[in-house]
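Colleague: Could you take one part of this model and go through it closely for me, starting from a helix contact and working outward to whatever surrounds it? I would like a connected account.

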Amino acid sequence: MTDIGIALPKGVSPDSSPASSRVRHMLGRIEYEGYLAGVIVVMAIVLTFTVGSAFWGSTNLSGLLLDVAIDTVPAIGMTLVIVTGGIDVSIGSLVGVVAVVIGLSFEAHLPFVLVLLIGIVVGIGGGLVNGAIVAWGRVPPIIVTLGTLSVFEAITYQLLGGVWISTIPAELTQIVVLDRLGPVPYSFIVAVALVAVFSYIMARRPIGLKIYATGDNPEAARTAGLPIRRIQLFVYALLGGLTAIAALMTVGQSPLVMPTTGQDFELTVIAAAVVGGTNILGGEGKVIGGLLGALLVEMVEDAAILYHVNSFYQQIVLGAMIVAGVAIGVARRRARLGAKAER
Amino acid sequence: MAAEGHRGEGGELTARPGADETGTRPPGGGGTAGGVGAPFARLVGVSKSFGSTRALSDVDVTFARGRVHAIAGENGAGKSTLIKILMGVLQPDHGRIEVDGSPTAIASPAAARALGFAAVFQEPLVYPHLGVLENIFVAGPERSRLGDLDRPAMRRRAAALFEQLEVDTALLDRRMGELRLGHQQLVLIAKALIEDAKLIIFDEPTSILSGAETAQLFRVIQRLRSGGSAIVYISHRFEELEAIADSVTVLTDGRVAGAFEARPFDLDAIVRLMSGRETRGYGAAPAAHRAGTTGPPLLEVEGFTLRPYFEDVSWRVSRGEVLCFYGQVGAGRTEMAKALFGDLRPTAGTVRMEGKPLAARSPRQAIRAGVGYLPEDRKAEGIFATQAISENIVATVLGRIVARLARYVRRSEVRNLTDSQREALQIKMAGPSAPISSLSGGGQQKVILGRWMVERLKLLVLDEPTRGIDVMTKAQFHEIIRQLAEEGLAVVVISSDLPEVFEVADRILVMRRGRIVAEFANDGTAPPEEVLRQAVALDQADAGARGASANGNGTIVDVGGVSVLVPSGDPEEKEVTGQ
């Protein structure tokens, strides 16, 4: 006689063990954003008791919030892109292109506001290229944006011609970094305002419902006559525009345009989105999650600096957070849909 | 940028009629332009080819208001092409479509929707992570004055409609993916009505439904009909044609082979037309088979348990025997087979093969022990969709047909095995290297069966082997099953098709709610109605439970993501869904 029911490794029925079932059930039920906020609060408490003054010091705090703002703004767009079932890995090099273009525009002494507009137009243009290829070329988004990543990088190098641009007007730094409400930079307030606007759009406007539907079941969306291609074009163009805003903030933060400006930025933004609960499989995700994810990612980075951890480990932690975020998303989906997702 | 997106939506939304109503309209009440029986949509001389294959040629068919029009036909007869043309997914090569008498082009799915055409597919096309309410209104939401989603208004309309359709309004607060398939279909019907559908196509809707769910669906269809909707009903099941259809059009090889305008329908004639040749009569008395088992059991299952799917299941099967598991969908038969096959892990019980313990922890181990499993869900678990027919056949025996040292797959062996199965199973194909996706459902099923036949098996489990397969291929399958048994294989057939069970079985086990509740020898003494009664006793309890819920005496609760209806009187009685 063989006992068939001893070990219960991964992949078995979710209902085979009451305890694991209950855990999964809870994971599926409680609002994920609640957990995330809890983790952030716990981290803040730990930081307060270990390196309190350094963490709450206004320099550290405003720097942290500016970093969060720079991540959050494109994370909003990244969330929408991932919700439609896509991804965009080109935004780091798009930051580079926008930075170079505005740098050159400043060098050419164009009016300040015009330069900002040019930057945003370039960003939207880059996003439109991505969106158009995804929507009409029917090429998988990861491949499209890997391709444009390379193209944008080449454009940056070409425009920069091996020289750094340092003629960034102090005005930009002033409005991005120095203008504050207490320790809170205006940039952060702008980011929060954008989060509020897009949370409202995703939850309350018909376009939000259609974006969710597109990613949840593209075939159903297509047969229902939803304008899938326009929706794809819209989310990538939006991400491009928001990336341009992040680029403006980046240049304001460190008024120097280099070939490496924006490098690896896409990792941080994708991390913010997936840590924030956006499901990499599409169909699920909240804009507020992008803000919370950015907060968590940047706090971890800040903590690493305050604890004097080697930056080598910071990269490892960032990578681990992306993987963990995706894994949790998939596990939650299983928990919610029970046995069905299992099969 | 956001505003741009909205403008894009606006045009479509304003075109939708009845946006301000709150669900007071009767189901299907949209069809006001003509009386009952008035033609609504007509296909005139419609033809469609794919390469050299004629999917439809010169098809004329009329769908009238207030009538249920059934389309019957073998697999590959052109039924799906017909649906796709009606739904704007495909364009006809020749011919025209008339709606209310005027020629109309259906250029896109959106155009079909605007005309009031809706389709409910066998596998409901849903947004699993959106709420039920969002699923219903995604393409045409109620909007407030500012253009926001007006959820309270949507809820009111949907709730009114749900009540008319006898669907629990509590479902509105669930995520679509948590609902069982029968409920998902009902939600899609509600969606079609909200969108003011005048023509509703049902594509084999009952093949995944339990008896009670089928009955509820039929009641809904009757209501739609009396509300004046034109219904297109596609089904393989003859008893359903009798139950629900007002007229039947038979498609054969893309042509209209015959039309039957009044009941009672001549089922023999329909089968004859469908097959395109004379066949044996439908519903003939079940053939008598050998009673009981002969010889020692090959496989003995004792106390097999995996809650909530099946519990304390014990049975045995001998070489040369065909053992049928009959029951309603969700009775736990598939899960039991998967546990046997190592795909699910049972929590208790033992399995012995030829007296030796067998505990397959993976399908790979099960196959090594000589157990094969032909899955219920052909697309998801059966075929390698992008691969050639020959590759699909040899998939599990690759290890046996590689060259000894160089380890490359010997093409000659692949060829031989494919040819032998092609002949044995009469698989019609362009060639062994044609993709399996080029075959009809029945052809694909034959290929997967062929895959198991090249294995050296002792036991083959066939899970709903002929679901969605045309009558002729089905008869072939039954012959093959008998033949396999005569060659000494033990065959277990899971089937919800009673005539099929009586056709192939030596012995019949009835499963209900995860337990074996009855055993019959198929020797001519077992009355089919008794077998059926044993299997559907669940449905009586089910109906009782639903009534309890409607009276507020029960609740739908969520257990580990599986929806369970718990009537307050008996907390142990659970209707397990999620399958």
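Modeller: This is a predicted model, and I begin with helix 3 (residues 58–83) of chain A and helix 12 of chain A, whose axes come within 8 Å and cross at roughly 65 degrees. The crossing of these two helices is right-handed. On the side of helix 3 of chain A, the contact is made by Asp71(A), Thr72(A), Pro74(A), Ala75(A), Met78(A), Thr79(A) and Ile82(A), and helix 12 of chain A contributes Thr268(A), Val269(A), Ile270(A), Ala272(A) and Ala273(A). Sorted by class, the residues in this contact between helix 3 and helix 12 of chain A are 8 nonpolar, 3 polar and 1 charged.

Helix 12 of chain A, which spans residues 265–275, is itself mostly covered, with 10 of its 11 residues buried. The buried residues are Phe265(A), Glu266(A), Thr268(A), Val269(A), Ile270(A), Ala271(A), Ala272(A), Ala273(A), Val274(A) and Val275(A), and Thr268(A), Val269(A), Ile270(A), Ala272(A) and Ala273(A) are the residues of helix 12 of chain A that take part in the contact with helix 3 of chain A. After helix 12 of chain A comes Gly277(A), which has a positive phi, near 100 degrees.

Helix 2 (residues 32–56) of chain A packs against helix 13 (residues 287–306) of chain A at an angle of about 25 degrees, and their axes are 10 Å apart. Helix 2 and helix 13 of chain A are therefore roughly parallel to each other, and helix 2 of chain A passes helix 13 of chain A in a left-handed crossing. From helix 2 of chain A, Glu33(A), Leu36(A), Ala37(A), Val39(A), Ile40(A), Met43(A), Leu47(A), Val51(A), Ala54(A) and Phe55(A) meet a row of partners in helix 13 of chain A, namely Ile288(A), Gly289(A), Leu292(A), Leu295(A), Leu296(A), Met299(A), Ala303(A) and Leu306(A). In terms of class, the contact of helix 2 with helix 13 of chain A is made up of 16 nonpolar, 1 polar and 1 charged residues.

These helix pairs belong to a chain whose secondary structure comes to 15 helices and 2 strands. Of the 343 residues of chain A, 50% count as buried, and among its contacts between residues at least 6 apart in sequence, 79% join residues at least 24 apart. Gly162(A) is exposed, with 7 other C-beta atoms within 10 Å.

Turning to chain B, an open sheet of 6 strands is found there in the order 16-17-18-13-19-20, with mixed pairing. Strand 16 (371–374) and strand 20 (515–521) of chain B stand at the edges with a single partner strand each, so one side of each is left without a neighbour in the sheet. Neighbouring strands of this sheet are turned by 20 degrees against each other on average, direction ignored.

Within the sheet, strand 13 (residues 322–327) of chain B runs parallel to strand 18 (residues 490–495) of chain B and is joined to it by 5 bridges, with Leu323(B) having Val492(B) as its bridge partner in strand 18. Helix 16 (residues 471–486) of chain B packs on the sheet, where it touches strand 13, strand 17 (459–463) and strand 18 of chain B, and its direction makes about 150 degrees with that of strand 18 of chain B. Strand 17 of chain B also pairs with strand 18 of chain B in the parallel sense, over 5 bridges, and Leu460(B) has Val491(B) as its bridge partner in strand 18 of chain B. Strand 18 of chain B is mostly covered, since 6 of its 6 residues are buried: Ala490(B), Val492(B) and Ile494(B) lie on one side, and Val491(B), Val493(B) and Ser495(B) on the other.

Towards the edge formed by strand 20 of chain B, strand 19 (residues 507–512) of chain B pairs with strand 20 in the antiparallel sense over 6 bridges, and Met511(B) stands opposite Ile516(B) of strand 20. These two strands of chain B form a hairpin with 2 residues between them, and in the turn Arg513(B) has a positive phi of about 50 degrees.

Terms used: Residues are numbered from 1 along each chain as its sequence is written. Chains are lettered from A and ligands numbered from 1 in the order in which they are written. This is a predicted model: local features need pLDDT of at least 70, side-chain atom pairs count only at pLDDT 80 or more; totals for chains, interfaces and linings use all residues. Two strands pair if DSSP finds at least two bridges between them. Helices (H or I, at least four residues) and strands (E, at least two) are DSSP runs, numbered from the N terminus. Axes are lines fitted to C-alpha atoms, for helices over the stretch in contact, and angles run from 0 to 180 degrees between N-to-C directions. Two residues are in contact if their C-beta atoms, placed from the backbone, lie within 7 Å. A residue is buried if 20 or more other C-beta atoms lie within 10 Å of its own, exposed if 12 or fewer, and partly exposed in between; C-beta atoms are placed from the backbone. A crossing is left-handed if the near helix is turned anticlockwise from the far one by less than a right angle, and right-handed if clockwise. Ala, Val, Leu, Ile, Met, Phe, Trp, Tyr, Cys and Pro count as nonpolar, Asp, Glu, Lys and Arg as charged, and the others, Gly among them, as polar. Angles under 35 degrees count as roughly parallel, over 145 as roughly antiparallel, 65 to 115 as roughly perpendicular and the rest as oblique.
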